[in-house]
Every structure is written in C-alpha cells, then in structure tokens.
Amino acid sequence: MPGPSTELVQQLYRTPPDRFVAARDAAVAEARRAGDATTARQLARLRRPTVAAWLVNLLAIRRPELVADLVQLADALRTAQRELRGPRLRELSAQRRAVVGALVVEVRKLAAAEPEAPPAGRLPLAEVEATLNAAFSDAEVAEQVRAGRLLRAASYAGFGEVPRPQLRLVTGDEEEQEERPARRPGTQRERPEVASRTDRTTSRTDRTTSRTDRAAERAEQAERAAQRAARAERARQRRVLDRELGRAQADQERVEAELTEATAQEQDGVAVLDGIEAELVELERRRAVAEQDLSRAKLARRAAERAVTSARRRAGEVEAAIEALAAEEGDADAGVGAAD
C-alpha cells in the first residue's frame with residue numbers, strides 16, 4: 001500500500017490542533033475499514049502540532065509560493081553568511097526582516113479565515129516569527145516549514161552559519177624569533193641586561209595582547225547581550241501590541257455588533273413610521289370622502305328645508321282659499337234663505 005495521500009496529510013495538518021486528534025483517529029478508522037493497514041499505521045503515527053506550528057503549517061499549505069520564496073532567500077542568506085560577504089549579507093538581512101514581517105501578517109489573515117482558530121489576541125505570533133527566522137539559519141527547519149508538517153515552534157539564538165576565523169595565540173618567543181634576525185654561528189651572545197629587557201618587553205606585549213583579547217571578547221559578549229536584549233524587547237513590544245490588537249479587535253467586534261443592532265432598530269422604526277404614514281394617508285382619504293358626504297348631506301338638508309317651507313306656505317294658501325270659499329258659501333246660503 002502506498003500510504004496516506006499528500007492531500008489527506010495536508011488536510012490533517014491544516015486542522016486546528018484541538019480537533020487534530022479526532023480528525024486523525026477518524027482517518028485511521030476509515031483506512032482500517034478500507035483494509036489499508038499501512039495507511040492506518042502511518043496516520044496513527046502523526047502527532048498533533050502546537051498552535052504556533054499549526055499556523056506555520058497553514059501558511060505552507062495555503063500559500064506555498066510565499067514559503068518557497070522564504071526558502072530561496074534563506075539559501076541565499078546562508079551562502080552569504082558562509083562566504084562572509086558583508087554588503088550582500090546586509091541586503092539579504094533586510095529582505096529577511098521584510099519577508100518575515102509580511103509572512104506574520106499573512107499568518108494572521110489565514111488564522112482569521114479559519115472558523116476554529118483562536119482569537120487574534122491569543123495567537124502565538126512571536127513563536128511563528130521565531131520559527132520563520134530559524135528557517136533562515138537552519139536548513140532542516142526550512143525544509144520542515146516548506147513541507148507544512150511542523151510539530152513544534154523553532155528558534156535560533158545566533159546569527160546564521162557564520163564560520164569563526166581561526167585564531168592563533170602569538171607568544172613573545174615567536175615574536176622575538178620573527179623580528180630578531182638569525183644569529184650567525186660564532187656571533188657573540190647578548191648581554192644579560194639586554195636579554196632581561198627583552199623578556200620584560202615580551203611580557204608586557206603578552207599582557208597587552210591578553211587584555212586586548214579579553215576586551216574584544218567582552219565587546220562581543222556585550223554586543224550579543226545587546227542583540228538578545230533587543231530581541232527580547234521586540235518580543236515584549238510585539239506581545240503588548242498583540243494584546244492591544246486583541247482588545248481593539250474585540251472592541252471593534254462589540255461596536256460593530258452594536259451598530260448592526262442599531263441599524264436593525266432604525267430599519268424597524270422606518271417600517272413602523274411608513275405604516276403610520278400609510279394609515280394617515282388612508283385616514284386623510286376617508287376624511288375627504290366623509291367631508292364630501294357631509295357637504296352633500298348639508299345641501300340635501302337645505303333643499304329639504306326649502307321644500308318644507310314652500311310646502312307649508314302652499315298649504316297655508318290653500319287653507320286660506322278654502323276658508324274664503326266656505327265663507328262665500330255661507331253668505332250664499334244666507335241670501336237664499338232670506339228670499340224664501
């Protein structure tokens with residue numbers, strides 16, 4: 001059996017560490033059900049990476065072209081260090097700092113895109129940066145980073161593979177032998193006082209050389225201590241900035257949630273106001289219709305009142321005519337009676 005596929009291994013190593021064991025065990029069980037004992041054994045030997053190693057693996061798997069550039073630059077930097085090429089070394093060191101900074105930013109982006117990743121304030125970005133810097137000085141670490149199967153964060157306390165020059169302690173006798181011309185046979189020996197002065201001079205030269213060596217060693221130690229202190233200070237500042245960034249991002253998430261809630265409330269208020277305004281429009285329409293109906297009713301009432309007045313006047317006139325006719329009839333009847 002060929003063993004687990006590269007895609008399966010990469011899938012496991014881009015799984016967040018807290019879910020790595022469960023995902024690996026599920027893959028082992030699947031291989032066993034398929035009858036692939038070799039794959040099952042190889043998968044079972046895979047170990048869970050730390051969070052920092054997982055972030056570096058995620059970078060290698062998601063952005064392999066960036067890691068390839070890192071490995072290429074690391075090879076060039078190690079070559080320049082071995083050959084002690086100062087200008088080229090300074091140029092590549094500047095590129096190294098820029099590349100590591102850019103890769104740390106990319107790691108932060110990749111972690112933000114992972115739903116199961118730790119919060120931004122808890123990402124071990126200092127360990128990620130230390131591992132990437134170690135890849136520039138250690139070819140084995142660089143290969144592990146490129147393969148995307150790192151298990152632990154790496155670090156490197158020195159400054160590359162710079163070979164130390166071969167030093168040789170020069171004693172006073174050697175100086176004397178180099179500087180003093182060889183005596184020909186038969187030449188008269190030096191006087192004792194001249195030899196004594198030569199010995200004292202040689203002793204002073206030895207002491208001066210020893211003090212110079214110790215001063216140079218102390219200067220180198222002080223420089224290394226300053227470099228370590230500077231790295232520690234940068235790491236401390238990065239931790240402080242990471243904590244501040246975490247708090248700022250948490251505040252941003254909180255105010256964005258408040259903004260979302262306020263926007264929703266505003267939209268609800270707009271909807272309610274639109275409903276009320278629609279109701280007001282309908283009420284205004286109904287009011288206008290009612291006013292028109294009332295106006296027509298008033299006109300009808302006035303017309304009815306005029307008709308009643310006219311009818312009453314006509315009735316009065318008819319009643320008066322009837323009374324007049326009755327009176328005439330009475331007078332006529334009285335005249336007829338008198339004639340009889």
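Residues are numbered from 1 along each chain as its sequence is written. In this predicted model, local features need pLDDT of at least 70, side-chain atom pairs count only at pLDDT 80 or more, and totals for chains, interfaces and linings use all residues, while side-chain values use heavy atoms, with hydrogens and water left out.

**Exercise 1.** Determine how α2 and α3 are oriented towards each other.

*Solution.* Helices here are DSSP runs (H or I, at least four residues), numbered from the N terminus. Helix α2 spans residues 17–33 and helix α3 residues 37–44; they pack at about 165°, with axes 8 Å apart. Axes are lines fitted to C-alpha atoms over the stretch in contact, and angles run from 0 to 180 degrees between N-to-C directions. The helices are therefore roughly antiparallel, a term for angles over 145 degrees. Contact (heavy atoms within 4.5 Å) involves R24, A27, V28, A31 and R32 of α2 with T39, A40, L43 and A44 of α3.

**Exercise 2.** Identify the residues that join α4 to α7.

*Solution.* The axes of α4 and α7 lie 9 Å apart, at an angle of about 60°. The contact consists of A52, L55 and V56 from α4 and E127, V128 and T131 from α7.

Conventions:
Helices (H or I, at least four residues) and strands (E, at least two) are DSSP runs, numbered from the N terminus. Angles under 35 degrees count as roughly parallel, over 145 as roughly antiparallel, 65 to 115 as roughly perpendicular and the rest as oblique.
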